[in-house]
Amino acid sequence: MKNKRVFWNKFLRILLLVIPLLFLGVCTSSAQEGEAEVLEDSLAQPPAPPTEVKAFDTPNDNGHSITVTWKLSVDDGAGQNNVVSYEVLRSESPDGEFEVRGLAPAGENVFEDKGAKEKQDANYFPPHKDFYYKVRARGDGLFSVSEVSPPAHAYGQWYHTGKTPVVVAVLLFSTFCLVFITVARKGKKLYIRPLAGIEAVDEAIGRATEMGKPILYILGLGSADMIATIASFTILSRVAKKVADYQTPILIPCCDPIVMAVAQETVRAAYLEAGRPDQYKEENIYYLTSMQFAYVAGVNGIMLREKPATNFYLGKFYAESLLLAETGSLAGSIQISGTDEIAQIPFFVAATDYTLIGEELYAASAYLGREPTLLGTLKGQDWGKAVVMLALILGALAATFNFQFFLNLFAVQL
Amino acid sequence: MTFYERMMNLDRRWVYLVIGVVVVVTAIWSFAVPLYVTPEARSVYDFVESLVPGEVLMIGVDYAPEVMAELHPMSYAITRQCFAKDVKLLLCCLHQNGPGMVEQVVAQVAEEYDKVNGIDYVYLGYKPYPSITILAMGQNFRIPFPEDYYGTPLDSLPMMRNMTNFDNVKAIINISGGSGTEYWINYANGRYNAKLAIGVTGVMTADYYPFLQSGQIFGLIGGMKGAAEYEYLAERGGYISREKGQLWASKSMPIQTTTHIVIILFIVIGNVGYFMSKRKK
Amino acid sequence: MGTAELIWNGVAALLVLCIYSFLYKDNPFYKFAEHLVVGVSAGYFAMILFYNAFLPKLINPLRAGQYWYIIPGILGLLMWARFSRKWQWLSRPTLGFVIGSGAGLAIPLYLQNYVIRQLHATMLPVGFTSWPLITNVMIIIMVFCALTYFYFSKQHKGAFGVAATFGIWTLMVGFGAGFGMTVMGRVALLAERVVFLRDYFAELWGALF
Amino acid sequence: MRRTLPIAVVAGVGFFMLIQYFIPREEFETLYEWALDWTMVIGCFAMALGLYSLTNMMVTKVRRKAEGWGYSLVALVGLFVMVFVGIVPHYQDSLKYGTLFMDIFEYIYIPIQAAMFSLLAFYIASAAYRAFRVRTVLATILLVSAIIIMLRLIPLGPLSAVNQWLVNFILTVPNMAAKRAFWLGVGLGATATALKIMLGIERGYMGRD
C-alpha cells in the first residue's frame, strides 16, 4: 500500500518535471537565452558566504563554550535570497580538518558552541585551548564557506555580569536590615502594627492549657533547607517556649527526618530556656512518613484521636492544606495557619481561624520574640518594600515613555 | 435551634452526602449541559470553519500523556473538523513524550475519514529545542524536518510540494501543556507573523489572556472547559457525535456543572440562614 | 483483567472505600487504611532513598575512589549521634550544614525570582487611551496597595490605611479566584475515583457471574 | 563549642551558597553540586533516625497494649514488608515495574493517595459552605470572587458573556496583582529570614546547652 503510494508520488514528480521541460523544449526557439540562464543560475549558484566570522569565549559561563558571530550572507533575506541555514564548523588549527558543531537558521548570526564539562563525556569541551571557526551558508544543497576566524579559547568567569541587579538587591537589602538592627539595639523604640494571627497565639495556647489538651504543630511538607520551613522553626522556638511555661504537651509529627531532628533541637532548647527541661518529651516529636497523602492520612488520624485544642500549620504546604484544615475544624480545634505557597492561602483563609499571609509568616518570629534585633529586620523589610514601590512607579513611567535604560536596570540575564 | 440556624450550621456530612450523590448520579446518567461558549474558543472554531477544501492548517501538539484528559479532546475535535471539511493538516510535536500520542490521534481520525498520509495530511514528528525548531520551520519545514515521522523525505510527499514555511499554512493552532506555547507566540507569531491560536491546560489559561488582548493570538481554548466548548460547537456542526463516543471533555462537564451548582447552592443556603437568624435577633 | 490483577484491584477498591468511610466519621476501616499507608509509604520512601541516593551518591563514588565523599558520610554518621542523649549535640553541625545551605541559597534566588523579576514584569506602560493601558494602571495601583498592606512598622491609618484596606481587598479577590479555579480540578479527581470504582465492580460482576 | 560551631557552620555554608550563585566558574559549580549531593546523603542517614522514631512509637504502643495497638501493628507490618521485598528478592531491581515491591506501591499506596486527594472535592464544598458568609467585608469579597469564577461552568444564558468577561478581568487584573504583591512580600520576608539565620540572630533552632 505504502510502496504503491511512493511509486505514484515519484511518477507524479517525474511527470511534473517532464511536462515543463517538454514545454520548454517546444518553446526553445522563441525563448531568449538570457532568461534561461538566470533561471539556471538561481538554481545552481550557492549563496554568498557569511563574512566577519568572530569567535570569543562565551561570557558568564563555566568555561566550556565559545560563542561565534558572523555577518549574514548578502543572499540572506536579500540578493538571491536562497540561504536556508548556517553551519558552524570548528577545528583545532586554521588549516586542519573542520567538523560541524551546529546549525543556525537563516537570519540568525550567532551560535553558542557548547560542550560538556566532564572529561569522559563524548561532547567534552576543553577549556584554555585555541579553536578556529568557519561558518558556511547553506543554499539548496549548495554551500559557501567563510574565512577562518581568529583563534579563541573558552575559560570560566569569576563574576556573572547578568546577575548584577541581584547583587545590588542583596547588598541594598542587607544594609537596610543591618542598619535597623543597629538602630534597634541602641534602644530606639520601633512601632509594629498588630497582627491578628499573632495575637491569637497566646490565646490559643492558653485555651489548650485550660482544656488540658495538647497542641499540634505541623511544619509542613517542606524539607529542612526550605526557607519557609526554616521560618517555621523560628516560630516553633517561640511557641514552644510559651507552651513550656504553660506545661501543655506539644505534638509534632514530621514528614522529613531532618526536619524532625531540628524540631527536637528547637523544642528542647525552648524548654531549657523556660526552665523546664524535665517537661520535654522527645517522643512527641516524631517522624511519620515522607509521602504527602500518607502523611495527611496519619495527621488526620491524630487530630481526631488526640483532639488537640490548637493546631498550627506553618511552613510549606501543598494540596494537603485543606485536608488538614477541614479535619482540624471538624475536631473543633483553634487553627492558626501560614504559608508562602499562594495556591494554598485561599484554603487556609477559608478553613482556619487565622492565616499568616506570605510575608507575615516570615515576620511572625519577630512578632512573637519582640527582641529589638528582630524588630529591626522588620523595619528593614519595610524599607525594602518602599524601594520596590518607588521602583514600581518609576518603572511604569519609564515603560510608558519608552525609557528603556531604566527598565534594563531590573533585567536579570541568565 | 430555629430553622434558619439549622440552615446555617448544617452538619458537614450532609454536604458530603449531597456532593457524593450528585457526582455518582451524574456519572451514571450522563446528559448534555448547555454550555456558554467563550468568544476566544468560538473564534478558533469559526476560523477552522472558514477554511475551504485544500487549504492547509498546521497543528503543533506539545503535551505529554499527563495532561491528555484536558488536551486530547481538543486535538481530536479539531482534527475531525478539518478532515470532514477536506482541509489538509500539517502536524508536528515539540514535546518529547508526545510524538506517539499525536500519531495515534491523526492515524485514527484519518482512517475514519479515509484520508491519505502525504496527500491529506503530513505528520512531521518530533524535534528537540522548540525555539530553534520553530525558527527553522519559519524558514523552511525541511530544515528541522527533512523527513516526516514515518521517514519519508518531505519532498516526495505530494502535499508538501508547494509548502515552504508558515506562509503556506492558513494558521497554526498550538495545543500545549507547558512552556512550548511561549515559543510559538514569540517565534512563529512574533518573528514570522504567523496567525496563531492556542489550546492550553486550565491552570495555564489565565497566563495567556494578555496575548489574546494584544492580538498575538486570535483564539484560546482553555482547559477541560474550553475543550468541552469546542466539542459542543463541533457537535452542532456535525463533525463529531455523542453516539460514537467522540465527546471526551463534554462527558465530564455535567459532573463539573452539577457539583458547581451544588456548591453555590450550599453557599447561598448558608448565607440565607445567616441573614435570617441575624434578623430575628 | 487476570485473576491476580482482579485481586490487586479489589484490594485497591476496598482501600478507597476505607478512606471514603472517613467522611462519615473515624472508624476501624479508616484506621486500618491509615496505618497501612503510613507503614507502606515510609518503607517505600526509605527504599527509594536507598537506591536513588545512598548507593549512587555515597557508596558508588566511594567505590570509584572519590574519597572526598567521606565528608558527607561523616556528616551523616554524626546524625546518628542523636540516638544518644549525651552526644546528641554532635549532630548540630550537620543540621547547620543543611540549614545554612538552604538559607544561603534562598537569598539570591528569592530576591531574583520573587522580587526583581516580579518587579520587572510589573513595570507596564500606563495610560488612559486604550483598555489594556487602563488595566495596566489598575494592576500597578493594586500591587502598590497590596504592598502597603504588608507594612509592619506603620499604623494602618489615614490615606495609608485606605491603601492598605484596598490592598487586602485585592488579595482577597485573588484568593477567591484561586479557590474558585481549584474546584474544577478537585471534582475531576473525585469523578476519576468514582469511575475507577464503577469500572472495577462492573468487571468483578462480569468475572463472577 | 556546642553552640558556636554549628552557628559557624551555618554562616560559612550559607555565605558560600550565597556567593557561588554569582560565580560561574567550574570549581564553584562543582562545589555547589557536591553540597546538593551531600544534603541527599545526610538525608539518607537521617532516614534511619526517622524509621527508628516511627518504629519506636509503634512498638511502644504494641508492647504497652495501648488503645489501638493493633493498628500500630498494621503499620509495622506494612513498613517491614516493604523494606523486606525492597531489599531481599530483587537486589537493585526492586524499582522496576512488575516486582512485588512496585505492585504493593501501585495497588496500596496509589489508590489510597488518589482517594485522599479526591476527598478534597468534598472538603472544598464544605469549606465553601462554612467560610463564605457575608459576615465581614473580606469574607464577602472572597465569596463574590469565588462565586463569579465558579459560575463560568454553569449555563446562564446571555449573562454568561458578562460573567466570562468578569472572569477574565478578575484573573488578569486583581488576581495577577495579588500574586505579584504576594511574591514581592514573600521575597523580601524570606531574604530577611535567611539573613537572620546566617547572621546568627535567630538561633533558637540550634539547641541551647
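With which residues is D:Ala128 in contact, once its neighbours within four places in sequence are left aside? In this predicted model, the residues that meet that condition are A:Ala350, B:Ile263, B:Phe266 and B:Ile267. D:Ala128 also belongs to the largest nonpolar core, which holds 351 residues, and is one of the members that touch the most other members, together with B:Leu57, B:Leu91, C:Ile19 and D:Ile112. The largest share of this core is supplied by helix 4 of chain D, residues 100–131, which gives 20 residues.

Chain D, to which that helix belongs, contains 7 helices and 0 strands, and its order along the sequence reads α-α-α-α-α-α-α. The radius of gyration of chain D is 26 Å, whereas a compact globule of 209 residues would have a value near 17 Å. Taken along the principal axes, the C-alpha atoms of chain D fill a box of roughly 65 × 50 × 40 Å. Of the 209 residues in chain D, 51% are buried, and when contacts between residues at least 6 apart in sequence are considered, 26% of them join residues at least 24 apart.

Chain C can be described in the corresponding terms. Its secondary structure consists of 6 helices and 0 strands, which follow one another in the pattern α-α-α-α-α-α. Buried residues account for 50% of the 209 residues of chain C. Among the contacts in chain C that link residues at least 6 apart in sequence, 17% join residues at least 24 apart.

The contact between these two chains involves 92 residues from chain C and 100 residues from chain D. On the side of chain C that touches chain D, two or more residues are given by each of helix 1 (3–20), helix 2 (28–63), helix 3 (70–79), helix 4 (92–122), helix 5 (131–149) and helix 6 (158–208) of chain C. Helix 4 of chain C provides the largest share of this side, with 23 residues. By residue class, the side of chain C that touches chain D divides into 66 nonpolar, 20 polar and 6 charged residues.

Chain D also meets chain B, in a contact where 22 residues of chain D face 24 residues of chain B. The elements of chain D that give two or more residues to its side of this contact are helix 4, helix 5 (137–150) and helix 6 (159–172), and the largest share, 6 residues, comes from helix 4 of chain D. This side of chain D is made up of 15 nonpolar, 6 polar and 1 charged residues. Within chain B, the domain assignment gives domain 1, formed by 3–29 + 257–280, and domain 2, formed by 39–241; the C-alpha centres of these domains of chain B lie 43 Å apart.

Strand 12 (residues 334–339) and strand 13 of chain A pair in the parallel sense over 4 bridges, and A:Ser337 stands opposite A:Thr355 in strand 13. Strand 13 of chain A, residues 354–357, is covered on both faces, with A:Tyr354 and A:Leu356 buried on one side and A:Thr355 and A:Ile357 buried on the other.

How values were computed:
Residues are numbered from 1 along each chain as its sequence is written. Chains are lettered from A and ligands numbered from 1 in the order in which they are written. This is a predicted model: local features need pLDDT of at least 70, side-chain atom pairs count only at pLDDT 80 or more; totals for chains, interfaces and linings use all residues. Domain bounds come from an automatic or database domain assignment. Two residues are in contact if their C-beta atoms, placed from the backbone, lie within 7 Å. Ala, Val, Leu, Ile, Met, Phe, Trp, Tyr, Cys and Pro count as nonpolar, Asp, Glu, Lys and Arg as charged, and the others, Gly among them, as polar. A nonpolar core is a set of buried Ala, Val, Leu, Ile, Met, Phe, Trp, Tyr and Cys residues joined through C-beta atoms within 7 Å. A residue is buried if 20 or more other C-beta atoms lie within 10 Å of its own, exposed if 12 or fewer, and partly exposed in between; C-beta atoms are placed from the backbone. The radius of gyration is taken over C-alpha atoms; the globule rule is 2.2 Å times the number of residues to the power 0.38. Two strands pair if DSSP finds at least two bridges between them.
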